[in-house]
Amino acid sequence: MPKKVSKKKEYHVYVVGLKPSVLKEPKCQKQNPNFKPALNKRYYYVGYTGETPETRYNKHITGHKTKKGYDTSSDVVKNHGYKKNGLRPKQYKKYNPFFVIGEAKEFEIQLALKLRKKGHFVYQK
């Protein structure tokens, strides 16, 4: 009998581009009190997932619900994310994957801080 090969669970951080309309969201403004709009500044959502970034992004954009009816999407991404080509792999690809959920969670925070430090608008749950 062949041995079962257990694949270690992978976690990923990901970044989604948001439209400037996100500035109207009070909960997003609260996370970015010092943000100054400028031509070279972007709007991002940063998250982590146990799925691929592509799968998670599609769930956000489509307003995915579980079998029990729970909405697993972010209303910020659903309402302000780019519907096509919304992922920003240049911002996250080099860091993935993570094999410990706690490391992915912690890095989500660090990546959001790093992007804010560069002057970008960042929302994270």
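In this predicted model, three strands form an open sheet of mixed pairing in the order β1-β2-β3; strands are DSSP runs of E with at least two residues, and helices are runs of H or I with at least four, numbered from the N terminus. Two strands count as paired if DSSP finds at least two bridges between them. Strands β1 and β3 (121-123) stand at the edges with a single partner strand each, so one side of each has no neighbour in the sheet. β2 and β3 pair in the parallel sense over three bridges, and Tyr45 stands opposite Tyr123 in β3.

Residues are numbered from 1 along each chain as its sequence is written. Local features need pLDDT of at least 70, side-chain atom pairs count only at pLDDT 80 or more, totals for chains, interfaces and linings use all residues, and side-chain values use heavy atoms, with hydrogens and water left out.

In helix α2 (residues 53-62), Pro53, Arg56, Tyr57, His60 and Ile61 are buried, that is, under 20% relative accessible area with a 1.4 Å probe, protein chains only. These buried residues fall within an arc of 135° seen down the axis of α2, so they line one face of the helix; the arc is that of the directions from the helix axis to the C-beta atoms. They pack against β1 (12-17), β2 (43-49) and α3.

Val76 is found in helix α3 (residues 75-80) and is buried, with a relative accessible area of 1%. Beyond four places in sequence, Val76 is in contact (heavy atoms within 4.5 Å) with residues including Leu18, Val22 and Tyr123. Val76 and Tyr123 are 47 residues apart in sequence and 8.3 Å apart in space, C-alpha to C-alpha.

Note on methods:
Buried means under 20% relative accessible area, exposed over 50%, partly exposed in between (1.4 Å probe, protein chains only).
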